[in-house]
Amino acid sequence: RRLSFEIGPVDGDDPEGIFQSSPPSPLDLAIVLKNMRRLGISTAGVSAVLAWEEPDVIALSALDSALASFDKVATAAPLSRGPTSSPLPPSFRRASIAADKARGNIADLPVVNRIPLPGIILGQDNALSGFTLLENEPDGIPLAARWDDRIIFAFPVVATIVRQGLSIDDIEFVPGSHIKLGPNGSVIPIDRYGRLIS
């Protein structure tokens, strides 16, 4: 039986964004993750942005090790668009689909090309990452964006994929219509900009 949990605020629990701006310390998170893994949890989602101004190197190592102990883990990062492009991080690539797999026009999706935080932890080979926010995209709730030739997804979409044990290849993405999470999964309505239609 698959057991999973998420660390971070549930929608509406943190209206001032305190958890995102002041996440727990790396050591605190490492202890929570290690304890959850010891209790038999196999997948995890961490919506907190794992970046600190002056973290302890040993604590970061402990956190990285704790994240690596899960079968799968979803992590998160804000994204932006800058004058110079960075390579798509591996954890985002694993949670993305090729642009030519989209069924429809992707021209109106937001374009990003970097993580605006140095030293962010996204996890190792077991990690899939989604974005927490897109800078300069203030309207609506974005669920998809483009990074080079890939379609990347928001953290809630990626966390659902991890929690349900889905393959990213089973995701159906139709701009202006929906994101379908697997052949028999949920259908999330989106507009042509990749934003949630509520």
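The model is predicted, with local features requiring pLDDT of at least 70 and side-chain atom pairs pLDDT 80 or more, while totals for chains, interfaces and linings use all residues. Residues are numbered from 1 along each chain as its sequence is written, and side-chain values use heavy atoms, without hydrogens and water.

A nonpolar core is a set of buried Ala, Val, Leu, Ile, Met, Phe, Trp, Tyr and Cys residues joined through side-chain atoms within 4.5 Å; buried means under 20% relative accessible area with a 1.4 Å probe, protein chains only. The largest such core has 42 residues, and Leu 79, Phe 92 and Ile 179 are among those with the most contacts inside it. Elements supplying at least two residues each include strand S3 (72–79), strand S5 (127–134) and helix H5 (155–164). H5 gives the most, with 6 residues. Helices (H or I, at least four residues) and strands (E, at least two) are DSSP runs numbered from the N terminus.

A second, separate core of 16 residues includes Leu 29, Val 46, Leu 50 and Ala 127.

S3 and S5 pair in the parallel sense over 6 bridges, where pairing requires at least two DSSP bridges. Ala 77 stands opposite Phe 131 in S5. Because 6 of the 8 residues of S5 are buried, S5 is largely enclosed by the rest of the structure.

Thr 75 lies in S3 and counts as buried because its relative accessibility is 0%. Its side chain makes these polar contacts (N or O pairs within 3.5 Å, one able to donate a hydrogen and the other to accept it; residues adjacent in sequence count only if both atoms are side-chain atoms):

| Thr 75 side chain to | Distance |
|---|---|
| Leu 122 backbone oxygen | 2.8 Å |
| Ser 129 side chain | 2.6 Å |

Terms used
Buried < 20%, exposed > 50% of the residue type's maximum accessible area, 1.4 Å probe, protein only.
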